[in-house]
Amino acid sequence: KETEEVFKVKKSSYSKKIVKQLKKEYKEDLEKSKVRTEVNSPTDVEAPLEKTGQNKDIGQEDGTANSEHCEEEMEVESEKEEEKPKASGAFSSALSSLNVLRPGEIPDAAFIHAARKKRQMARELGDFTPVDSEPGKGRLVREDENDASDDEDDDEKRRIVFTVKEKSQRQKIAEEIGIEGSDDEALVAGEQDEELSRWEQEQIRKGINIPQVQPSQPAEVNNVYYQNTYQTLSYGSSYGIPYTYAAYGSSETKSQKTDNTVPFKTPSNEMTPVTIDLVKKQLKDRLDSMKEMHRANQQQYEKHQQSQEDSAKAIERLEGSSGGIGERYKFLQEMRGYVQDLLECFSEKVPLINELESAMHQLYKQRASRLVQRRQDDIKDESSEFSSHSNKALMAPNLDSFGRDRVIYQEQVKRRTAEREARRARRRQAREQTGKMADHLEGLSSDDEETSTDITNFNLERDRILKESSKVFEDVLESFYSIDCIKSQFEAWRSKYFASYKDAYIGLCLPKLFNPLIRLQLLTWTPLEGKCRDFETMLWFESLLFYGCEEQEQVKDDADISLLPTIVERVVLPKLTVISENIWDPFSTTQTSRMVAIVQKLIDGYPSVVNAENKNTQMLLKALLLRMRRTLDDDVFMPLYPKNILENKNSGPYLFFQRQFWSSVKLLGNFLQWYGILSNKTLQELSIDGLLNRYILMAFQNSEYGEDSIKKAQSVIACFPKQWFTNLTGDKTISQLENFCRYLVHLADTIYRNSIGCSDVEKRNAREHIKQIIKLLASIRALDHAITVANDHNVKEFKILIEGK
């Protein structure tokens, strides 16, 4: 294969003789080359190569050949035009200027018209070879411009094309005869033989189309060329033809770049033969590569399969978990709506419950206040009636702010006296029927009987309140006021989602939530009445008794365990506080016993609630103390009469005195029932300092010294808790009882003095009374006073009396 550049020869360089000689020699060389090419490359190989056009470099050489052919035709055509008569005018001048257009010069309209006309004339004469591709045309125009350039800027105006840098045959011939590369244009200008030029182009095209095989791989790898697979082989894999840039310009540039080119070799016997082993090797290599690709695809497929399985499992897992979360969300949303509705319901109903509770408390308070006021009025009436210093002014007070005069007051006194005597007669009759008349003492009974009118009014008002309470939730669904329904809702929450139940602090909210409903059930609950039910037997207590006590193990610090104690603290204790402050009567032994029993039950059953640090417990104890002090200040009265008046035991003043004394002793016993609940200091202050030393000792001093006084002293000492004296050390009793001990010593001395000069029987009775006094002193641990009495009255049985205390 042989690639050549078009000779660029100026027309005025050499003579026609030299040109003809060169053509002749060049023609002979081409004939020899043609013969050699036909022998080495069969025509059946040339044909596919000429038709396919798959090879890139071959296509480039075809373009080069076409360009050369076109240039030669243009030169021949220009010579013919010179022989023809020259046209006149603008057309003639345009034709004459076709060869003088400088590089970079823009042709005018006349130049373009002349070029088209010249091409048309060449077609008509049959001497014009058409150019198949646009690149050929562009190349022709650029080469014409290079032909027209005669100045020294040829080296700067270069055109770079892809080609194999191998010297053409024409260049070799020119070098042999000593012609420079830049003078090739003179050779081309002398070629006027159109047939010879066309023949040359055909021979060059044949030489270009001959396939060349050159190894581009290492020596051990053989590139095979064979006819059937030629079209499928790429240029780079079949032919090792390097790409270089060739520039048309000066000879120096061409000589520098041709040194690095690799010449094409014509196919010869050196071509690598195609063998079966070579084909098998290539097939094996291709099979191995396909197997490797298959293995990679198989691994990728398995990876995708595993990813698909993992995704399916993840979907199933997430669907399962999302199902639980969805149910949880739905349940919590329902609970949220239920709680909101419940709170809205309670916000409307709780004020009604508070009003009903206040109305019931006020009803009981009015009844208790009425009874206390009646007792105080009776004491005032009797005191005024039996006072030794009474007169009409005292018995009938002056007019007050309400305009009541003496007559009206006397009528009221008479009415109250009649009612009081009637009540006493009924109680006396009841005691006679039960056989308790002999053991009864006036003043020990509680004057708490009510008239039928008061009872009827009380019951009517109570029934009205109960009727109103039954209508509180009549317009509400059962699930919003039934403790069982509300409890079941929160139990379901606790059993299903205990974590969220605990995080919402439901255990701390339930006591406050159940508070209104429980207070509504405790509306008529009053532990001071005998027919009152125990709160532990009520429906709300039984319903909430086992709340949060499932079979599973209890969680530490579970607030639901203390649900009932918390309800007792927040509901029962405040109600007991109101009862003790407004309803409880400390003069009533029955009410006091019941009140002590309920408080003691709370202390024993709910020790975590009823303690000194609990706020509600402190309020309850404070209410109890205030009520006891108010009774001590307002209801206790001890009349003072001369002894001569008290000698008549059937007189009214004596009976009134005895009644007041025994009522005070009863109150002392009621106070001391709170032992174990109230502190010893508080009880001693109330019972001994406030009641015994202030009122009862005054009555002892006005009483007859004898057996009656000893009996009263025994009743007083029987009220004292024995625990006060068991832990005492030494011979002295508690300091608050010193006055009472001195009275007993004085009583023993008085009895002994009164027995002097009396009969033996009276002396014997007096000595027995002294021994009883010694026992009384020993029972309260006043051993120093007991020894003094025994020594003063020569009582030898002192040790026996102390041991038998």
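Me: How do the residues lining the largest cavity divide into nonpolar, polar and charged?
Reply: The lining has two nonpolar, six polar and 13 charged residues. Asp, Glu, Lys and Arg count as charged, Ala, Val, Leu, Ile, Met, Phe, Trp, Tyr, Cys and Pro as nonpolar, and the others, Gly among them, as polar. This is a predicted model, where local features need pLDDT of at least 70, side-chain atom pairs count only at pLDDT 80 or more, and totals for chains, interfaces and linings use all residues. Residues are numbered from 1 along each chain as its sequence is written, and side-chain values use heavy atoms, without hydrogens and water.

Me: Which residues lie nearest the centre of that cavity?
Reply: R375, S445, D447, R659 and Q660, out of 21 lining residues. A lining residue has an atom within 4 Å of a cavity point, and a cavity is a set of points on a 1 Å grid over the protein atoms alone where a 1.4 Å probe fits but cannot get out.

Me: Which helices supply at least two residues each?
Reply: α12 (276-386), α14 (406-434) and α24 (652-672) do. Helices are DSSP runs of H or I, at least four residues, numbered from the N terminus.

Me: Other topic. At what angle do α26 and α29 cross?
Reply: Roughly 15°, with the axes coming within 11 Å. That makes α26 roughly parallel to α29, as the angle is under 35 degrees. Axes are lines fitted to C-alpha atoms over the stretch in contact, with angles from 0 to 180 degrees between N-to-C directions.

Me: What meets what there?
Reply: E707, I710, A713, Q714 and I717 in α26 meet H769, Q772, I773, L776 and S779 in α29, where contact means heavy atoms within 4.5 Å. By class, that contact has five nonpolar, four polar and one charged residues.

Conventions
Angles under 35 degrees count as roughly parallel, over 145 as roughly antiparallel, 65 to 115 as roughly perpendicular and the rest as oblique. On a 1 Å grid over the protein atoms alone, a cavity is a set of points where a 1.4 Å probe fits but cannot get out, and a pocket is an open set with protein on both sides within 12 Å along at least five of seven lines; lining residues have an atom within 4 Å of a point.
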